[in-house]
Amino acid sequence: MPAALYGTPPRDVIEPPPGAVQVSPLIPGAADLAQMDEASLDEIALLVPAGAVEARYVLALALRTLKPGGALTAAAPKDRGGLRLRKTLQGFGCEVAETARRHHRICVTTRPERAEGLEAALAEGGPRQLENGLWTQPGVFAWDRLDPGSALLLQHLPPLSGRGADFGAGIGWLARQVLAGPAVTGLTLIELDRRAVEAARRNVQDARAEIVWADVRMAARSLSGLDFVVMNPPFHEGGTEDRALGQAFIRAAAAALRPGGVLWLTANRHLPYEAVLAEAFKAVRPVADAGGYKVYEARR
């Protein structure tokens with residue numbers, strides 16, 4: 001009985017189908033739901049993402065991959081898309097039973113013989129190119145623009161040299177500028193979101209670049225002796241703010257750098273990174289503070 005699971009819903013909200021294959025792009029090593037054959041699954045359970053376009057895309061993928069009559073269970077927090085979940089599924093032609101548990105809305109349905117509007121939802125939420133030619137996809141961090149923090153860092157980032165890494169590389173905004181420096185000999189891009197990884201592989205076509213689908217906190221352990229690290233670290237996990245996440249990125253950068261190696265960091269102004277920077281690095285220099293963001297240079 002082929003089954004899939006998208007994300008990690010609380011077990012008292014959704015019980016994963018037996019033997020389900022994980023298909024979330026945010027879990028390194030998971031299968032890709034978009035690459036599964038149409039009508040190949042008997043059952044799928046989803047923790048649906050919050051963004052409206054992304055949610056429609058994921059639900060359309062799930063319905064496309066289910067056999068007619070196959071079972072779909074979808075849940076989302078009430079304040080993160082749960083209130084529109086039933087309406088979205090009904091828009092695809094599904095008959096939906098809805099319940100609520102632990103601040104989640106839970107919808108149960110089956111794939112109709114003729115689902116409606118799947119192709120439009122898949123096109124709207126699938127990979128696309130921005131006007132500047134870069135590939136991206138709804139659901140990726142700052143998917144349709146250069147975020148202000150990265151923009152501030154790019155304004156102040158000097159030409160770098162040697163071997164380095166981009167932690168939380170996204171679709172490759174920072175990496176492209178780093179690799180514009182001829183003195184850079186290698187750059188490891190580490191990114192948790194498979195969709196961003198796939199976009200980065202199209203956007204950063206440089207023999208010096210290695211692009212890795214992984215959690216920085218794990219993958220950085222294999223790096224050492226780096227000359228530089230650049231990053232705009234995330235500070236949300238599972239939809240909630242987690243300041244310890246960025247702090248872990250900073251410690252991972254310090255461990256991966258050689259003595260004298262440099263970290264270039266951008267972050268929201270309110271995030272408390274100064275103490276961990278001072279703890280992990282020999283010298284820390286504030287470089288910029290504008291528009292609610294800050295940039296630091298930290299030398300190990």
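Modeller: Contact means heavy atoms within 4.5 Å. Helices (H or I, at least four residues) and strands (E, at least two) are DSSP runs, numbered from the N terminus. This is a predicted model, in which local features need pLDDT of at least 70, side-chain atom pairs count only at pLDDT 80 or more, and totals for chains, interfaces and linings use all residues. Residues are numbered from 1 along each chain as its sequence is written, and side-chain values use heavy atoms, with hydrogens and water left out.

Biologist: What covers the buried residues of H3?

Modeller: The cover includes helix H1 (52–65) and strand S7 (128–129). Buried means under 20% relative accessible area, exposed over 50%, and partly exposed in between (1.4 Å probe, protein chains only). In helix H3 (residues 118–125), the buried residues are Leu118, Ala121, Leu122 and Gly125. Seen down the axis of H3, these fall within an arc of 100°, so they line one face of the helix; the arc is that of the directions from the helix axis to the C-beta atoms. On the face turned away from the buried side of H3 are the exposed residues Glu119, Ala120 and Ala123.

Biologist: How many residues of strand S12 are buried?

Modeller: In S12 (residues 226–231), 5 of the 6 residues are buried, and the strand is mostly covered. Two strands pair if DSSP finds at least two bridges between them. Strand S9 (residues 162–167) pairs with S12 in the parallel sense over 4 bridges, and phenylalanine 167 stands opposite methionine 231 in S12. S12 also runs parallel to strand S15 (residues 257–268), to which 5 bridges join S12. There, valine 229 stands opposite leucine 263 in S15.

Biologist: Is serine 150 buried or exposed?

Modeller: Serine 150 counts as buried because its relative accessibility is 5%. This residue is found in helix H4. Not counting residues up to four places away in sequence, serine 150 touches Leu174, Asn232 and Thr266.

Biologist: Where is the place of serine 161?

Modeller: Serine 161 is in the loop between helix H4 (148–156) and S9. With 43% relative accessibility, serine 161 counts as partly exposed. Neighbours within four places in sequence aside, serine 161 is in contact with Ala183, Val184, Asp227 and Phe228.

Biologist: How is empty space found?

Modeller: Rolling a probe the size of a water molecule over the atoms shows where empty space is left. On a 1 Å grid over the protein atoms alone, a cavity is a set of points where a 1.4 Å probe fits but cannot get out; a pocket is an open set with protein on both sides within 12 Å along at least five of seven lines; lining residues have an atom within 4 Å of a point. Grid points are joined across faces, edges and corners, and a volume is the space filled by probe spheres set on the points. By this rule there is 1 cavity of 30 Å³ or more.

Biologist: Which residues line the largest cavity?

Modeller: Its lining consists of Val48, Pro49, Ala55, Leu59, Ala76, Gly81, Arg84, Leu85 and Thr88. H1 and helix H2 (85–91) are the elements that give two or more residues to this lining. The volume of the largest cavity is about 40 Å³.

Biologist: What volume has the second largest pocket?

Modeller: The second largest pocket holds about 200 Å³ of space. Of the 15 residues in its lining, Asp32, Ala34, Tyr57, Gln137 and Arg194 lie nearest its centre.
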